[in-house]
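Biologist: I am new to this structure and would like to learn how to read it. Could you take me through it feature by feature?

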Amino acid sequence: MKKLLSFFIIIYLVLGQVIPPSIAMEKLSSDATTSVTTVTPPAISSETAIVMDANTGQILYEKNAYQTMYPASITKILTTLVAIEQGDLDSTITMTDEAVWGIDWDSNHIGLQIGEQITLRDALYASMLQSANEAAWGVAIHVSGSLSAFCDAMNARAKELGCTNTHFSNANGLHNDDHYTTAYDMALITKAALENPEFVEIASTPNYTIPPTNMTADSRYLSQSNRMVQSDSEYYYEYCLGGKTGFTQMALGTLVTWAKKDGVTLICVTMKTLSNADNYTDSIALFNYCFDNYTAHYLTANHQFTETDIKAAEKHLNSYYGGKNLGTLQIAVAPDSYYLTPNNVSLGELSYNYIMSTNYLDQGILGNMEVKDGSTTLASIPITYSGYINSEDEEAVQAAIAAGIIEAPPKEKDKKGFPTFLIIIITIIAVAVIAFYLRYMQIQKMRKAYKKKRDLARKSGRSF
């Protein structure tokens, strides 16, 4: 019986090492539910479309979202992002023959000439607001030295963002059979772009003026081509913050927009419609559907993790860094973390799983909290960690001591126990006692020998 019990204990311990624990969530009432009415998504004319939460990446709606399509000028979202990340916005672009004459002059442009100079910032405003194709080409050559090198940078950035069905062969979106993407990939690109303040400023500006240049005496006045942000347009949408339109004969109408309502920002991508008017009506319908039928549930900044969760995190970090935590580890979720649920989903039916990863540990991210409705992942919320001090990292330990985060270990002389001088005294006393004892035993032995000799002499009648 004891052997059987030991066997089950071993199995329990082994499983405890392998299976990560579920994370402790703030208790959600099992009867917390809203309307159980099922709402049908709107019918749209776009061949492919997606609506994604800009904060969490949660997908609220998709139609053929992973089908490859020609993007047209929504390409310029990634062009602008890469240029901001790799270029100096205040640097000066000198327009080349290739950039000026490499485009179809029946397409969008602002009339830049060979040798004309504008700042990179002005060129990006021209690309995003006026969809100027020669400006986008000029940006590419200025930032990377050539169009092909800039496209390599675009494709590398797209891959880094998780795009698996995207390849760009130019910076402006003019048609090329080898220039394609998907609605899903464009949503990922836009999500990353919206995390860049410079991009948001450029893409959300309704009007912009490019001052006179070395070759043009007049200012150029730009305005948003996205009619969903134009208050006098029939397609005006009050929650829309920005976007990018596109159209070629092969791509047809394409549109990326983002809108914010009640603290939630959504990205909508619609591709391949007969006209941009259809993109606008589709996007407005999808935004309304998602805003009306999804509810945000926020986690709090002081979300309490259990001791078991912290121990699991500690073990994960110890394994990765090859040491152990010195008792300062803290894990948390961002104070604005939330997930969206359809209004007909009961919160009590959701599951919350703690998935640890080593991919972003060096960036302070321990893993993700996955919120699931059955097999559908509603959101994957990053869990951050701080205060982890590896006991094997001497530099980190000393820095933590200097900052007062941890106490310095006691020096040898400060450790609890007998002081050295007491040890010496006790040693002397012990040696003296032993010497005294040995001398005493020697005297006793001599006395016994003397007594024995004396007794023998007396018995034999001899004198002693």
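Modeller: Gladly! Let us begin with pockets: on a 1 Å grid over the protein atoms alone, a pocket is an open set of points where a 1.4 Å probe fits, with protein on both sides within 12 Å along at least five of seven lines, and its lining residues have an atom within 4 Å of a point. Grid points are joined across faces, edges and corners, and a volume is the space filled by probe spheres set on the points. Bear in mind that this is a predicted model, where local features need pLDDT of at least 70, side-chain atom pairs count only at pLDDT 80 or more, and totals for chains, interfaces and linings use all residues. Residues are numbered from 1 along each chain as its sequence is written, and side-chain values use heavy atoms, without hydrogens and water.

Biologist: How much space lies in the largest pocket?

Modeller: The largest pocket holds about 1,000 Å³ of space. It is lined by 30 residues, and T56, K191, E195, Y360 and P382 are the closest to its centre.

Biologist: Which element supplies the largest share of that lining?

Modeller: Helices (H or I, at least four residues) and strands (E, at least two) are DSSP runs, numbered from the N terminus. Here strand 15 gives the largest share, 7 residues. At least two lining residues each come from helix 6 (147-160), helix 7 (183-193), strand 14 (365-373) and strand 15 (376-386).

Biologist: How many residues of each class are in the lining?

Modeller: Ala, Val, Leu, Ile, Met, Phe, Trp, Tyr, Cys and Pro count as nonpolar, Asp, Glu, Lys and Arg as charged, and the others, Gly among them, as polar. The lining has 13 polar, 12 nonpolar and 5 charged residues.

Biologist: And the interior? Which residues touch the most other members of the largest nonpolar core?

Modeller: Buried means under 20% relative accessible area, exposed over 50%, and partly exposed in between (1.4 Å probe, protein chains only). A nonpolar core joins buried Ala, Val, Leu, Ile, Met, Phe, Trp, Tyr and Cys residues through side-chain atoms within 4.5 Å. In the largest one, with 63 residues, the answer is F199 and V269. Apart from this core lies another of 24 residues, including Y235, L266, C268 and L340.

Biologist: Where is M186, and what does M186 touch?

Modeller: M186 lies in helix 7 and counts as buried because its relative accessibility is 0%. Contact means heavy atoms within 4.5 Å. Not counting residues up to four places away in sequence, M186 touches I74, I77, F168, T181, V256 and V269. The C-alpha atoms of M186 and C163 are 8.2 Å apart, although 23 residues separate them along the chain.

Biologist: Is Y237 buried or exposed?

Modeller: Y237 is buried, because its relative accessible area is 5%. You will find Y237 in the loop between strand 6 and strand 7 (240-248). Leaving out residues up to four places away in sequence, Y237 touches M228, A259, I284, F287, N288 and F291.

Biologist: How do I read the faces of a strand?

Modeller: In a regular strand, side chains alternate between the two faces of the sheet. Strand 6 (residues 220-223) has R220 and L222 on a covered face, with Y221 and S223 on an uncovered one. Two strands pair if DSSP finds at least two bridges between them. Strand 6 pairs with strand 5 (residues 207-210) in the antiparallel sense over 4 bridges, and Y221 is the bridge partner of T209.

Biologist: How many residues of helix 2 are buried?

Modeller: In helix 2 (residues 76-86), 9 of the 11 residues are buried, among them K76, I77 and L78.
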